[in-house]
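Have the structure open as you read.

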Amino acid sequence: MRPEAFWLILLAPEPLRGIYMTLQQLHYLITITETGSLNKAAEVLYISQPSLSSSIKELEKEVGITIFHRSGKGVSLTNDGMEFLLYARQLYQQYESILEKYGKPGTLKKKFGVSAQHYSFAVKAFVETVKKFDTSKYEFAIRETKTLEIIDDVNTLKSEIGILYLSDFNRKAIAKLLRANHLEFHRLIDCQAYVYLWREHPLAKCRAIRFSQLEEYPCLSFEQGDNGSFYFAEEILSTNEYARTIKANDRATMLNLMIGLNGYTLCSGIICEELNGTDFVTVPFEADELNPNSAMEIGYVVKKNSLLSEIGKLYIEETKNYLDQYQIR
């Protein structure tokens, strides 16, 4: 079964019914959005750029909307295009599921993606999952990214699973966003706040660390972009008044800043030494009247009423196995 030979009628979500299009066109559309340009998409798809452009114009004519803005700098999705892409991903994912179960082996490279806040256990579970598959037959992706992008990635099916946390402080705001994007949250583990710092940090050997002890050291946090609300922060106790703060975009930079500047961050305390190394420690955060502790509920988000793929089920199983071992320690 080849995508270009499969017309979409019965599988289409309600807004797309009565519209004739091919899976090939949807595959082209998804590839363009993933690569960010017609030229790169044409290279990936092994077709000419004019043929690709013509196919997308035919699709736009059929559905009656402009999917892409075109300029000298490339292409970008219109508002209508972003909405259409959501349905296109859902429909193409249904096709992939059918092909996975009934198609001939090797006819399609299956995809699986996870978007997560910067948790090493999420990466560790991903590694263990990928080890069980032939990577020449699968396309895997792990995205450590901003909180809002996690929600958007799962909503648009760019990733099947998202990993983030809820607390008494952010629960209402995040839950509202999840409902608006038709996502549901599933608990994995509850934990308290820990101070994460370099092994040679002056406070590293403390049994517990109070907020007042951290004043002379920079607090490190992951940047959340233009919508950097307190509610989207990855670090618990994000509303505290920190005398010194430094933003970072990735985990490697965060670890370097811990060593170079004696920086620290507040986290779940769940650290994978196999991936992060043994140069870092976690120390329990000791609450006081002005700086109370707050429980973190870490979990995963998926599309509401959706069924996890076999790879998705295995990933969640690997995640739970790692967290269960952590709780036993």
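Roughly speaking, the protein's accessible surface comes to about 17,400 Å², and carbon and sulfur atoms own 50% of that (Shrake-Rupley method, 1.4 Å probe; for residues, only the protein chains shown count as cover). This is a predicted model, where local features need pLDDT of at least 70, side-chain atom pairs count only at pLDDT 80 or more, and totals for chains, interfaces and linings use all residues. Residues are numbered from 1 along each chain as its sequence is written, and side-chain values use heavy atoms, with hydrogens and water left out.

Of the 329 residues, 48% are buried, meaning under 20% relative accessible area with a 1.4 Å probe and protein chains only. The fold has 10 helices and 13 strands (DSSP runs: H or I of at least four residues for helices, E of at least two for strands, numbered from the N terminus).

Now the largest pocket: its volume is about 1,200 Å³. A pocket here is an open set of points on a 1 Å grid over the protein atoms alone, where a 1.4 Å probe fits, with protein on both sides within 12 Å along at least five of seven lines; lining residues have an atom within 4 Å of a point. The volume is the space filled by probe spheres set on the points.

Which residues lie nearest its centre? They are Gln-93, Gln-94, Ser-97, Glu-160 and Leu-307. Helix H4 (79-102) is among the elements supplying at least two lining residues, and H4 gives the most, with 11. By class, the lining looks like this:

| Class | Lining residues |
|---|---|
| Nonpolar | 12 residues |
| Polar | 11 residues |

Asp, Glu, Lys and Arg count as charged, Ala, Val, Leu, Ile, Met, Phe, Trp, Tyr, Cys and Pro as nonpolar, and the others, Gly among them, as polar.

Notes:
Buried means under 20% relative accessible area, exposed over 50%, partly exposed in between (1.4 Å probe, protein chains only).
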